[in-house]
Amino acid sequence: MINYNLVALSYLVSSVLFILSLRGLSHPESARRGNTFGMIGMAMAIVTTFYLMKDQVSVNGYALTLAMIVVGGIIGTILAKKVEMTAMPQLVAAMHSLVGLAAVLIAVAAILKPGLHLDAVHRFELFVGAFIGAITFTASIVAFGKLSGRFSSKAIRFSGQHWLNLVMAIAMIVAGVAYFLNENHTAFYIMLAIALVLGYLLIIPIGGADMPVVVSMLNSYSGWAAAGIGFTLNNHLLIVAGSLVGASGAILSYIMCRAMNRSFWNVILGGLGGDDAAAAGGDGGEKNYRAGSPEDAVFLMKNADSVIIVPGYGLAVARAQHALQELAEKLEHAGVKVRYAIHPVAGRMPGHMNVLLAEAEVPYDSVLEMEEINSDFSSTDVVLVIGANDVVNPAAKDDPASPIYGMPILEAHKARTVLVVKRSMAAGYAGLDNDLFYMDKTMMVFGDAKKVVDEMVKAAE
């Protein structure tokens with residue numbers, strides 16, 4: 001006989017550990033502890049679920065489940081060891097797609113189970129979890145493609161796009177209601193097919209600059225899909241865990257939307273971002289810029305009282321964070337005040353730059369968020385922009401025709417001198433030119449970020 005009190009207690013402890021895990025993950029300093037809590041909670045959940053299954057599943061069923069856990073664990077371990085920091089955003093998007101696919105497959109298995117009749121409540125939860133899972137699956141695949149460079153990062157828009165999305169959403173719900181009323185399997189499959197297409201259509205109009213918000217939103221979708229399927233499986237812990245992920249992802253998306261001056265509802269409805277009329281290259285005319293060497297840049301920084309470093313995705317690509325921190329330490333030894341400025345969407349996923357700098361053991365009190373440091377740029381001697389582009393683009397404030405207009409930026413253009421480390425004058429991930437690079441106060445330093453920073457470190461000795 002199963003001791004259901006023991007199961008309930010174990011699931012309760014696991015739920016508390018998941019909550020503590022989310023709390024720990026809210027700050028880089030406590031992230032390791034948060035991960036530990038999450039792993040312990042998940043281990044307890046798996047053991048308890050196996051115990052709960054002992055009177056319902058055959059030996060073969062147990063063996064198959066264990067085999068799949070082992071296979072998944074091996075694949076996950078290999079990916080965790082091989083994945084670079086630059087590939088982490090697309091890996092996260094890929095994981096979201098698998099959660100969505102799992103929700104869809106569990107839903108299909110539930111309706112195909114011989115002799116199973118679901119009551120009205122469970123049918124409703126099943127179709128909601130299934131269509132959210134289907135949307136999450138295809139939307140995450142598109143996000144993965146855009147983040148990994150397999151698809152164009154530019155927004156894809158066409159006439160009547162939002163009306164088409166609306167019609168498809170209504171058709172999806174109508175098919176879901178048809179299943180809900182009479183358990184019509186054909187209606188259920190139609191609902192899933194529409195949801196899969198809708199997931200694709202919701203993400204293609206979102207440009208590269210807004211992908212970090214999309215990643216956090218898809219995280220939320222995957223959580224709600226898991227929660228919905230938790231009701232179908234009568235698994236209370238899956239409901240709790242899915243709700244925690246769904247709520248935390250939605251809250252993070254809302255916070256990021258506020259930080260970017262974007263509409264939260266536009267994220268959900270696939271309307272995030274603006275027109276791509278202001279594409280790379282600006283008005284097509286040739287612009288003048290000033291270039292210098294790493295030695296020139298170090299001379300300016302060592303003679304400054306204060307330096308703000310603005311890291312971006314290019315820093316992650318070059319794996320230059322450790323060299324950058326070494327440079328910062330040398331500048332501080334020379335009496336220069338050095339701080340790091342982090343934009344909410346710097347990198348390709350929420351918190352990307354914070355994780356990168358934590359890996360290089362940058363002191364947490366030296367890393368400041370946009371709202372904390374933006375007012376200091378006007379009194380700063382030198383700003384070093386390394387691998388960042390769109391998050392320091394003045395067009396977000398000055399050009400109503402720009403796709404990123406209205407998005408708060410790090411106001412690096414207000415500093416006395418701006419140094420920009422880039423490989424070339426090519427446009428950034430969003431495909432936009434940046435007027436900051438052509439200002440009289442700006443000096444471009446061209447080259448691979450790691451090599452350039454290494455040369456700066458030598459020059460600073």
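Which residues gather in a patch of negative charge on the surface? Here are some notes on that point and a few others.

1. **The negative patch.** The residues are Glu-326, Glu-329, Glu-332 and Glu-461. Patches here consist of residues with over 30% relative accessible area and no salt bridge, with like charges joined within 9 Å and nonpolar side chains (Val, Leu, Ile, Met, Phe, Trp, Tyr) within 5 Å. Asp and Glu count as negative and Lys and Arg as positive, while His and the chain ends are not counted. Each charge is placed at NZ of Lys, CZ of Arg, CG of Asp or CD of Glu. Glu-461 sits in the segment after helix H17 (449-460). Glu-461 counts as exposed because its relative accessibility is 65%; exposed means over 50% relative accessible area, buried under 20%, and partly exposed in between (1.4 Å probe, protein chains only).

2. **How to read the model.** This is a predicted model, in which local features need pLDDT of at least 70, side-chain atom pairs count only at pLDDT 80 or more, and totals for chains, interfaces and linings use all residues. Residues are numbered from 1 along each chain as its sequence is written, and side-chain values use heavy atoms, with hydrogens and water left out.

3. **Transmembrane annotation.** An unreviewed UniProt entry lists residues 6-25, 37-53, 59-79, 91-112, 124-143, 163-181, 187-206 and 237-257 under "transmembrane region". The positions follow the numbering used here, feature names are shortened, and such annotations may be inferred rather than shown by experiment. Two of these spans can be set beside the model. Residues 59-79 are 100% helix and 0% strand, with 30 Å between the end C-alpha atoms. Residues 124-143 are also 100% helix and 0% strand, and there the end C-alpha atoms lie 28 Å apart. Helices (H or I, at least four residues) and strands (E, at least two) are DSSP runs numbered from the N terminus.

4. **A nonpolar surface patch.** Leu-64, Met-68, Val-71, Ile-75, Leu-79, Met-95 and Leu-98 make up a nonpolar patch on the surface, and together they have about 640 Å² of accessible area. Helix H3 (59-82) and helix H4 (88-112) are the elements that give two or more residues to this patch. H3 gives the most, with five residues. Leu-64 belongs to helix H3, and with a relative accessible area of 55% Leu-64 is exposed. The areas come from the Shrake-Rupley method with a 1.4 Å probe, and for residues only the protein chains shown count as cover.

5. The structure holds eight salt bridges (a side-chain nitrogen of Lys or Arg within 4 Å of a carboxyl oxygen of Asp or Glu). One of them joins Arg-416 to Asp-381, with the closest N and O atoms 2.8 Å apart. Arg-416 is in the loop between helix H16 (395-398) and strand E5 (417-422), and Asp-381 is in the loop between helix H15 (370-373) and strand E4 (382-386), so the pair links distant parts of the chain, 35 residues apart. Arg-416 is partly exposed at 48% relative accessible area, whereas Asp-381 counts as buried at 16%.

6. Lys-397, Glu-411 and Lys-414 are linked in a network of salt bridges. Within it, the closest N and O atoms of Lys-414 and Glu-411 are 3.0 Å apart. Lys-414 is partly exposed, at 40% relative accessibility, while Glu-411 is buried, at 13%. Asp-454 and Lys-450 also meet in a salt bridge (2.8 Å, N to O). Because they are four residues apart in helix H17, about one helical turn separates them. Asp-454 is partly exposed at 27%, and Lys-450 is partly exposed at 29%.

7. **Two residues with positive phi.** Asn-234 has a phi near 55 degrees, a positive value in a residue other than glycine. Asn-234 lies in the loop between helix H8 (211-232) and helix H9 (236-260) and is exposed at 52% relative accessible area. For Arg-319, phi is near 55 degrees, a positive value in a residue other than glycine. Arg-319 is in the loop between helix H12 (313-318) and helix H13 (321-333), and at 29% relative accessibility Arg-319 counts as partly exposed.
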